[in-house]
Amino acid sequence: LMKGQLEASSWDVVIYDTLDLYFSALGHKNITVSYSMDDFKLIDVKGHKGLLRHHAPIHAEGGTRAKFGGWYELFNWDFLVHGHFHHWGAYTYNGRPIIRNGSFVGLDDLAQEMGVRDRRCQMIFGVDKNEVMTWVHRVTLD
């Protein structure tokens, strides 16, 4: 989003709505496109609760542990996925996976302001009914 732009007018929202309409029109009942304008979204993946956020602390050590602990107390999450920092990573809070998801855009003004550079990438991971993270892989987009 451009600074000062309304989230409701974001191209992300247009893409989400178009994908939802497309899959519905094709009759794919097992594919849903869901998004939120809130700061977070709770999802269920094979019985595991995920907390999705744009911004979260860059690591789960020291003083930042309190924030993850507060979110755990509020939402009882099994895994957390976030972005914002324009580079990927994986770490844990008391054994619960946290994925820092990389960036679709790669090096941009925000990344330069933060002093980080990484390839355009996203993280994907597997989930089964017994385990939240059965595998993890970085997908490069360039």
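This is a predicted model: local features need pLDDT of at least 70, side-chain atom pairs count only at pLDDT 80 or more; totals for chains, interfaces and linings use all residues.
Let's begin with a pair of charged side chains: Asp 142 and Arg 119 form a salt bridge, and their closest N and O atoms sit 3.1 Å apart. Asp 142 belongs to the segment after strand E7 (135-140), while Arg 119 is in the loop between helix H3 (109-114) and strand E6 (121-126), so the pair ties together parts that are 23 residues apart in sequence. Side chains of opposite charge can pair like this when their charged atoms come close. Asp 142 counts as exposed, with 56% relative accessibility, whereas Arg 119 is partly exposed at 42%.

Now step back to the whole chain. You'll find three helices and seven strands, and reading along the sequence gives the pattern α-β-β-α-β-β-β-α-β-β. The radius of gyration is 16 Å, close to the 14 Å that the globule rule gives for 142 residues, so the chain is as compact as a globular protein of that length. Along the principal axes, the C-alpha trace spans about 50 × 40 × 30 Å. As for contacts with a separation of 6 or more, 39% of them join residues 24 or more positions apart.

What about the inside? Buried residues make up 32% of the chain. In soluble globular proteins, nonpolar side chains tend to be buried together. Here, the largest nonpolar core has eleven residues, among them Leu 51, Phe 68, Trp 71, Phe 75, Trp 77 and Tyr 91. Helix H2 (65-75) and strand E4 (88-93) are the elements that give two or more residues to this core, and H2 gives the most, with three. A second, separate core has seven residues, including Val 81, Met 123, Val 127 and Val 132.

Leaving out residues up to four places away in sequence, Tyr 91 touches Pro 57, Ile 58, His 59, Ala 60, Phe 68, His 82, Arg 96, Pro 97, Ile 98 and Arg 100.

Leu 19 lies in helix H1 (residues 11-25) and counts as partly exposed, at 36% relative accessibility.

Note on methods:
Residues are numbered from 1 along each chain as its sequence is written. Side-chain values use heavy atoms; hydrogens and water are left out. A salt bridge is a side-chain nitrogen of Lys or Arg within 4 Å of a carboxyl oxygen of Asp or Glu. Helices (H or I, at least four residues) and strands (E, at least two) are DSSP runs, numbered from the N terminus. Buried means under 20% relative accessible area, exposed over 50%, partly exposed in between (1.4 Å probe, protein chains only). A nonpolar core is a set of buried Ala, Val, Leu, Ile, Met, Phe, Trp, Tyr and Cys residues joined through side-chain atoms within 4.5 Å. Contact means heavy atoms within 4.5 Å. The radius of gyration is taken over C-alpha atoms; the globule rule is 2.2 Å times the number of residues to the power 0.38.
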